[in-house]
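Here is a short report on one structure. Keep the sequence and the 3D view open while you read.

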Amino acid sequence: MQLLTQRSKPVSRKPMNLLEKIYLPAILKGMTITFSHMFHKKPTIRYPEETREFSPVFRGLHVLNRDEEGRENCTACGLCAVACPAEAITMEAAERKEGEEHLYREEKYAARYEINMLRCIFCGLCEDACPKDAIYLSETVAPASFARKELIYGKKDLLIPNPVTEPEAYAQAKGQKQIK
Ligand code: SF4
Ligand code: SF4
């Protein structure tokens with residue numbers, strides 16, 4: 001039979017000699033490899049007591065951004081949803097009413113905005129697609145859960161605290177979430 005690659009090795013069928021039959025050299029060879037690893041630097045860490053430094057390109061939990069006056073940046077244009085390869089984002093747009101100018105920066109806003117974290121692959125394309133600097137992926141690790149419905153994140157989970165009405169929470173979130 002013609003081989004497709006040259007990677008296979010033919011099995012040796014020759015009878016074992018005495019040294020091979022007592023297995024001692026093979027055991028010693030294995031133990032040497034094991035002991036040599038005792039002096040190498042450990043590749044593992046004692047998580048959660050120890051944590052690794054994140055890569056500068058780490059992408060974590062999404063944040064819906066506000067401007068410096070506390071108004072929501074998102075204008076519900078839907079570009080993030082269109083760019084999302086996992087179809088994880090859904091939203092409902094609404095029109096800003098008179099007197100709501102302090103809540104929403106644009107005339108249109110997202111009345112409902114949801115990200116299905118079970119689908120999300122943290123690619124960051126939603127952030128790249130957004131023309132309003134309204135969404136970005138922070139350095140906060142997305143928490144795990146046993147309940148599927150807890151992993152559908154709505155506006156209450158994603159919106160950053162209001163810098164005008166909740167300055168302390170905003171500052172804290174800013175520190176944790178690396179606001180741009
Ligand atoms: S990070 Fe990627 S997969 Fe996740 S919501 Fe944004 S575009 Fe979709
Ligand atoms: S997050 Fe950005 S891209 Fe997505 S709907 Fe809002 S403004 Fe548009």
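## Contacts of Cys126

Two residues are in contact if their C-beta atoms, placed from the backbone, lie within 7 Å. By that rule, Cys126 touches Cys80, Ala83, Cys84, Ile89 and Ile135, leaving out residues up to four places away in sequence.

This is a predicted model: local features need pLDDT of at least 70, side-chain atom pairs count only at pLDDT 80 or more, and totals for chains, interfaces and linings use all residues. Residues are numbered from 1 along each chain as its sequence is written, while chains are lettered from A and ligands numbered from 1 in the order in which they are written.

## The nonpolar core

A residue is buried if 20 or more other C-beta atoms lie within 10 Å of its own, exposed if 12 or fewer, and partly exposed in between; the C-beta atoms are placed from the backbone. A nonpolar core is a set of buried Ala, Val, Leu, Ile, Met, Phe, Trp, Tyr and Cys residues joined through C-beta atoms within 7 Å.

The largest such core has 23 residues. Leu64, Cys74, Cys80, Ile89, Cys126 and Ile135 touch the most other members. S1, S3 and strand S4 (135–137) each give two or more residues to this core. S3 gives the most, with 4 residues. Helices (H or I, at least four residues) and strands (E, at least two) are DSSP runs, numbered from the N terminus.

## Two ligand shells

A residue is near a ligand if its C-beta atom, placed from the backbone, lies within 6 Å of it. Around ligand 1 there are 13 residues; Cys84, Cys120, Cys123, Leu125 and Cys126 come nearest. This shell divides into 12 nonpolar, 1 polar and no charged.

Ligand 2 has 14 residues around it, of which Cys74, Cys77, Cys80, Cys130 and Ala134 come nearest. Its shell holds 11 nonpolar, 2 polar and 1 charged. Here Ala, Val, Leu, Ile, Met, Phe, Trp, Tyr, Cys and Pro count as nonpolar, Asp, Glu, Lys and Arg as charged, and the others, Gly among them, as polar.

## Sheet and helix

Two strands pair if DSSP finds at least two bridges between them. An open sheet of 3 strands runs in the order S2-S3-S5, with antiparallel pairing. S2 and strand S5 (152–153) are the edge strands, because each pairs on one side only. S3 and S5 pair over 2 bridges. Asn116 stands opposite Ile152 in S5.

The expected span of a helix is 1.5 Å times one less than its number of residues. For H2 that gives 21 Å, and its end C-alpha atoms are 21 Å apart, which agrees.

## Backbone exceptions

Most residues other than glycine have a negative phi, and most peptide bonds are trans. The bond from Tyr47 to Pro48 is cis, with omega near 5 degrees. Pro48 is in the loop between helix H2 (24–38) and strand S1 (62–64).

Glu87 has a positive phi of about 50 degrees. It sits in the loop between helix H3 (79–83) and strand S2 (89–95). Glu87 is exposed, with 10 other C-beta atoms within 10 Å. Phe122 also has a positive phi, near 55 degrees. Its place is the loop between strand S3 (108–116) and helix H4 (125–129). With 15 C-beta neighbours inside 10 Å, Phe122 is partly exposed.

## Leu118

Leu118 lies in the loop between S3 and H4. Is Leu118 buried or exposed? Leu118 is exposed, because 12 other C-beta atoms lie within 10 Å. Leu118 touches Arg148 and Leu151, leaving out residues up to four places away in sequence.
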